Amino acid sequence: MKRHTHLLAAAACAAALTLTACSASDDALSGTGGGSTGSASDGPAVDGGTLKIGLDRPFAKLDPADGTLTSMPMMVLANALFDPLMVNGDNGTVQPYLAKSFTPDANATVWTLELREGVRFADGKPLDAQAVADHVARLAKPESKCSCALDAATIAATAVTGPTTVAFTLKAPDSSFPNLFTRALGYVAEAPAGDSPAVGSGPYTVESVQPGVSVTLTRNPAYWGAKGHADKLVYRVLPDTDSRYQSLRSGDTDLIWTETPSQLKQAAADGLRTATGPGSTSTVVFNTRSAPFDDARVRRAVQFAIDREALEKVVFLGQGAVSDGPIGSRSPYRTAAAYPAHDPAKARALLAEAGHPDLAFDYLVDSRPEAQQRATVLQQMLGEAGIRMTVKPLDQASLGTAMLQRKFQVMDFVTSMFGDTDTALGSLYLANSPYNFAGWSDPETEQAIAGGRASTDPGQRTAAYRQAAQRVVDEAPMAFLTENIVGYLGAARVGGLPDLSKRTVLGVSPATLWVKR
């Protein structure tokens with residue numbers, strides 16, 4: 001796992017929590033900092049032509065306020081139109097991009113953001129400190145319907161202190177505050193006029209758009225940074241997993257997102273290229289506010305009944321890894337939690353002790369093939385421990401509603417949130433968070449998370465997060481299953497595909513890619 005390497009990297013960048021020494025280069029979004037995949041065979045970059053990209057989900061509008069646009073699979077579109085203030089680097093680091101620096105005061109309550117100079121939106125207006133303040137204020141309003149409004153709500157006051165300088169005063173100390181600016185809050189944009197797209201400062205601009213269907217972008221001639229290689233980017237929404245893959249194989253598409261293990265394994269045989277990383281984690285979420293899962297013994301029994309190694313081999317074909325808690329393998333706070341080993345006899349004993357020797361429950365899951373297979377394998381494993389699990393497939397919208405309204409007993413939950421330890425711990429395990437889907441409340445965990453977020457000492461922060469993570473594993477509001485390899489598949493003619501193997505947030509910019517001729 002190279003745990004010590006990760007911790008040293010984190011210490012180097014976090015020593016003073018001034019995010020300048022580890023600043024991202026102009027090609028940070030390409031992933032080339034860790035060595036570009038296949039770069040030796042790519043040859044020199046080629047300018048011109050059209051890059052065709054298949055999207056795995058529809059979008060409502062081209063605006064950072066739309067959470068779909070800033071989801072990880074859709075960042076390949078967002079990064080074409082908008083420049084992020086901060087970017088996710090290797091091994092869980094967060095680095096400046098459009099920002100030059102992001103510096104805290106002594107207790108991480110006041111953060112000063114310094115912008116690059118001379119950056120302009122696509123319409124020629126300056127992207128200055130006031131533009132950043134206006135953007136954050138817009139997305140903080142309820143009418144923006146941005147999930148990032150919760151992040152913006154942590155800000156007590158915003159002050160423009162210079163042409164390129166913004167000071168944020170927080171309601172509580174937060175050493176991870178810059179992490180909030182890698183997605184929606186960081187994709188600075190002018191507010192859209194009516195149904196028009198928001199105006200960004202990215203390397204491409206909108207030529208035409210059919211929301212939910214397709215969008216065509218053209219190179220931004222006035223872009224402040226390195227110009228995009230392709231003349232045009234054409235995106236098509238291809239939500240069906242198999243159809244999207246066949247579109248790539250047939251040459252109708254140059255680049256697609258996939259989370260399907262069989263496609264990742266088949267890609268090389270089909271002459272395709274890959275740019276992937278451990279970008280998601282499969283878990284089981286318990287409704288801890290409803291019996292019998294309000295009893296930690298019952299939740300731990302399910303933990304003991306699951307053979308994570310066998311599950312990974314069957315569902316992910318040996319390409320992923322087991323997950324042992326909320327601190328992922330690429331996190332700078334990485335440590336292996338003491339996770340319960342597979343022990344059906346122990347599961348039976350705990351259930352008998354809790355008064356549920358014949359435990360039975362419904363398991364909600366979406367309709368994707370890998371999700372169905374995972375549920376089937378879990379059903380068989382739990383059966384060996386005397387647990388009867390009934391699989392209940394739902395469409396994505398219904399599953400999301402059940403989760404948000406906590407109308408479930410147990411459910412399948414695959415997320416990229418664990419790619420950022422700070423975000424995951426603060427979102428999933430605080431009692432007042434809307435993302436605490438398990439409904440779990442634990443003062444000891446909350447105290448540890450608060451201590452980690454408030455500390456400017458990387459060692460203290462790591463120790464606090466480790467304490468919180470172990471508590472999560474011990475009390476089991478979630479059962480952790482596998483870390484999954486996800487990412488991009490590209491045609492052989494696509495050059496510049498990045499090395500994402502050390503990334504947990506796979507934010508590729510299509511401007512760094514080209515089509516060979």
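Guide: Helices here are DSSP runs of H or I with at least four residues, and strands are runs of E with at least two, both numbered from the N terminus. The model is predicted. Under that rule the protein has 15 helices and 19 strands.

Visitor: Where is serine 176 found in terms of those elements?

Guide: Serine 176 is in the loop between β7 (165-170) and β8 (204-210).

Visitor: Why is serine 176 called buried?

Guide: Its relative accessibility is 4%. The label applies under 20%, so serine 176 counts as buried.

Visitor: What does serine 176 touch, not counting residues up to four places away in sequence?

Guide: Contact means heavy atoms within 4.5 Å, and by that rule serine 176 touches Asp422, Arg453 and Arg461. Alanine 108 is 68 residues from serine 176 in sequence, with 8.8 Å between the C-alpha atoms.

Visitor: Where is aspartate 63 found, and is it buried or exposed?

Guide: Aspartate 63 sits in the loop between β1 (50-55) and α3 (75-81). With a relative accessible area of 2%, it is buried. Leaving out residues up to four places away in sequence, aspartate 63 touches Leu69, Phe82, Arg138, Pro192 and Ala198.

Visitor: What makes arginine 466 partly exposed?

Guide: Arginine 466, in helix α15, has a relative accessibility of 31%. Buried would need a value under 20% and exposed a value over 50%, so arginine 466 falls in between and counts as partly exposed. The C-alpha atoms of arginine 466 and arginine 406, 60 residues apart along the chain, are separated by 28 Å.

Visitor: Which phi value does alanine 476 have, and is alanine 476 buried or exposed?

Guide: Phi of alanine 476 is near 55°, a positive value in a residue other than glycine. Alanine 476 is in the loop between α15 (458-475) and β17 (478-490). Its relative accessibility is 0%, and therefore it counts as buried.

Visitor: How do you know that the peptide bond between alanine 291 and proline 292 is cis?

Guide: Omega of that bond is about 5°. Most peptide bonds are trans. Proline 292 lies in the loop between β12 (273-286) and α8 (296-305).

Visitor: What makes a set of residues a nonpolar core?

Guide: The members must be buried Ala, Val, Leu, Ile, Met, Phe, Trp, Tyr or Cys residues, joined through side-chain atoms within 4.5 Å. The largest such core has 63 residues, and those with the most contacts inside it are Phe361, Tyr363, Ile387 and Tyr429. Helix α11 (residues 369-384) supplies the largest share of this core, six residues. Another core, of 47 residues, lies apart from it, with Met75, Val494, Leu500 and Leu513 among its members.

Visitor: Which residues is tyrosine 429 in contact with, leaving aside its neighbours within four places in sequence?

Guide: Its contacts include Pro326, Phe418, Trp440, Ile449, Val472 and Phe480. Asn436, Thr445 and Glu446 are also among them.

Visitor: Why is leucine 382 called buried?

Guide: Leucine 382 lies in helix α11. Its relative accessibility is 2%, and the limit for buried is under 20%, so leucine 382 counts as buried. Beyond residues up to four places away in sequence, leucine 382 touches Val302, Ala305, Ile306, Phe361, Ile387 and Met389. From leucine 382 to aspartate 412, 30 residues along the chain, the C-alpha separation is 14 Å.

Visitor: How do you know whether the radius of gyration agrees with that of a compact globule?

Guide: For 517 residues a compact globule would have a radius of gyration near 24 Å; the protein has 23 Å, so the two agree. The C-alpha atoms fill a box of roughly 70 × 55 × 45 Å along the principal axes.

Visitor: What percentage of the 517 residues count as buried?

Guide: The buried fraction is 56% of the 517 residues. The protein exposes about 19,600 Å², with carbon and sulfur atoms supplying 52% of that area. Among contacts with a separation of 6 or more, 72% are between residues 24 or more positions apart.

Visitor: How far apart are the mean positions of the positive and negative charges?

Guide: They are 2 Å apart, for 47 positive and 53 negative charges.

Note on methods: Residues numbered from 1 in each chain as written. Predicted model: local features only at pLDDT ≥ 70, side-chain atom pairs only at ≥ 80, totals over all residues. Heavy atoms only, no water. Rg over C-alpha atoms; globule rule 2.2 N^0.38 Å. Buried < 20%, exposed > 50% of the residue type's maximum accessible area, 1.4 Å probe, protein only. Areas by Shrake-Rupley, 256 points an atom, 1.4 Å probe, with all protein chains shown as cover. Lys, Arg positive; Asp, Glu negative; His and termini not counted. Charge placed at Lys NZ, Arg CZ, Asp CG, Glu CD.
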